[in-house]
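Please read the points below with the sequence and the structure open beside you. They are meant as a colleague's note, to be checked against the model one at a time.

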Amino acid sequence: MPFISSDSTAPSPALDRESLRPDCGNCFALCCTALGFSRTTDFAIDKPAGTPCQNLASDFSCTIHDRLRPRGFRGCTVFDCFGAGQNVSQNLFQGISWKADSATAKDMFPAFKVVRQLHEMLWYLAEAISKTFDPDTSHHVNELRMTIENALAETQQVLSLDLGDMHARVRSVLMGVSEEVRSSYLATGDDHLDAALVPGVDLIGKKMRSRSLCGADLRGAYLIATDLRDCDLSGADLLGADLRDARLEGADLSKTLYLTQAQLNAAQGDAHTRLPSDLNSPTHWPDNS
Ligand code: SF4
């Protein structure tokens with residue numbers, strides 16, 4: 001289990017997101033079976049949820065893994081299960097696949113969808129606890145983490161969880177930490193942020209090259225194909241922001257809040273894009289070094 005602490009009053013354990021990274025070799029290809037997708041620019045085919053993708057091999061590998069983008073499956077290269085796949089496959093279902101026992105699929109596929117969301121929450125909470133200086137917030141984050149980790153111990157607990165309530169509780173603490181972090185940037189910054197930079201703002205295709213966006217609250221913002229080249233996004237909250245095809249070449253994202261690998265995978269960047277230390281440069285980005 002990720003970063004377990006049995007005592008919410010104990011000092012915060014070190015940030016550990018390793019168990020929240022995908023380990024496809026220990027997963028029964030749950031993203032390629034449990035989830036459905038429609039034919040779009042991201043997927044070349046329609047695939048109903050709960051059915052294996054036509055490109056799935058018998059050993060749960062993808063037969064077109066090294067040419068997903070040219071074959072029209074860009075969505076597969078963007079997706080991140082936050083380690084839910086291996087947790088469901090190996091822990092909740094003890095290594096018994098939906099192929100070995102078809103009866104497991106009834107609970108395994110819905111469980112995967114819930115566990116993915118819980119792992120995503122843990123990903124964000126790990127960041128929140130690493131960035132807050134408020135002991136009460138740390139305590140609250142630890143309590144939430146334990147609640148989620150306890151729920152992850154058993155399939156029926158996962159399936160009966162009030163996900164909406166959990167989302168609301170996590171969102172509240174993430175927003176509190178965001179305010180704490182961003183206020184430190186806004187208090188010391190020389191630049192005045194554009195008042196239009198609010199959560200959910202539509203900046204699709206906008207040219208914002210070289211702007212300082214330090215401390216901006218871009219939660220849920222539409223940054224599709226936005227030109228963010230050479231921008232400084234230190235302390236900017238990017239929770240749930242849509243970064244598809246956003247231009248990130250030369251941008252500094254090393255101190256952003258709530259950035260995920262999936263957001264990066266959907267964007268365009270290069271070797272000059274500065275990233276947080278626990279995120280990777282996507283393999284399809286050109287290496288300009
Ligand atoms: S194309 Fe490959 S990675 Fe994408 S869903 Fe199908 S089997 Fe999985």
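The numbered points below take up the ligand site, the aromatic contacts, the backbone angles and some distances.

1. Basis of the note. This is a predicted model, in which local features need pLDDT of at least 70 and side-chain atom pairs count only at pLDDT 80 or more, while totals for chains, interfaces and linings use all residues. Residues are numbered from 1 along each chain as its sequence is written, and side-chain values use heavy atoms, with hydrogens and water left out.

2. The ligand sits in the largest pocket. A pocket here is an open set of points on a 1 Å grid over the protein atoms alone, where a 1.4 Å probe fits, with protein on both sides within 12 Å along at least five of seven lines; a molecule sits in it if more than half of its atoms lie within 2 Å of its grid points. The residues around the ligand are Cys 32, Phe 37, Cys 53, Asn 55, Leu 56, Cys 62, Leu 68, Phe 73 and Cys 76, where a residue counts as near if one of its heavy atoms lies within 4 Å of the molecule. By class, this shell divides into eight nonpolar residues, one polar and no charged; Ala, Val, Leu, Ile, Met, Phe, Trp, Tyr, Cys and Pro count as nonpolar, Asp, Glu, Lys and Arg as charged, and the others, Gly among them, as polar.

3. The structure holds six aromatic pairs, counted where ring centres of Phe, Tyr and Trp (its six-membered ring) lie within 6.5 Å, with planes over 60 degrees apart called edge-to-face, under 30 stacked and the rest tilted. Trp 98 and Phe 109 form one that is edge-to-face, at 6.1 Å centre to centre and 65° between the planes. This pair links distant parts of the chain, since Trp 98 lies in the loop between α2 (84-92) and α3 (105-131) and Phe 109 in helix α3, eleven residues apart; helices are DSSP runs of H or I with at least four residues, numbered from the N terminus. Trp 98 counts as buried because its relative accessibility is 12%, and Phe 109 does so at 10%, where buried means under 20% relative accessible area, exposed over 50% and partly exposed in between (1.4 Å probe, protein chains only).

4. A second pair. Tyr 124 and Tyr 258 also form an edge-to-face aromatic pair, with 5.8 Å from centre to centre and 80° between the planes. Here too the pair links distant parts of the chain, with Tyr 124 in helix α3 and Tyr 258 in the loop between α6 (163-188) and α7 (261-266), 134 residues apart. Both Tyr 124 and Tyr 258 are buried.

5. A cluster, and charges over rings. Phe 28, Phe 60, Trp 98 and Phe 109 form one aromatic cluster. The charged end of Lys 99 sits over the ring of Phe 60, 5.2 Å from its centre, and that of Arg 17 sits over the ring of Trp 123, 3.8 Å from its centre. For such a contact, NZ of Lys or CZ of Arg must be within 6 Å of the ring centre and within 35 degrees of the ring normal.

6. Positive phi angles. Most residues other than glycine have a negative phi. Gln 94, which is not a glycine either, has a positive phi of about 45°; Gln 94 lies in the loop between α2 and α3 and is exposed, with a relative accessible area of 59%.

7. Ser 178 is in helix α6 and is buried at 1% relative accessible area, and its C-alpha atom is separated by 8.3 Å from that of Gly 235, 57 residues apart along the chain. Ala 236, in the loop between α6 and α7, is buried at 0%, with 5.9 Å between its C-alpha atom and that of Leu 257, 21 residues apart along the chain. Asp 136, by contrast, lies in helix α4 (residues 135-151) and is exposed, with a relative accessible area of 60%.

How values were computed:
On a 1 Å grid over the protein atoms alone, a cavity is a set of points where a 1.4 Å probe fits but cannot get out, and a pocket is an open set with protein on both sides within 12 Å along at least five of seven lines; lining residues have an atom within 4 Å of a point. Helices (H or I, at least four residues) and strands (E, at least two) are DSSP runs, numbered from the N terminus.
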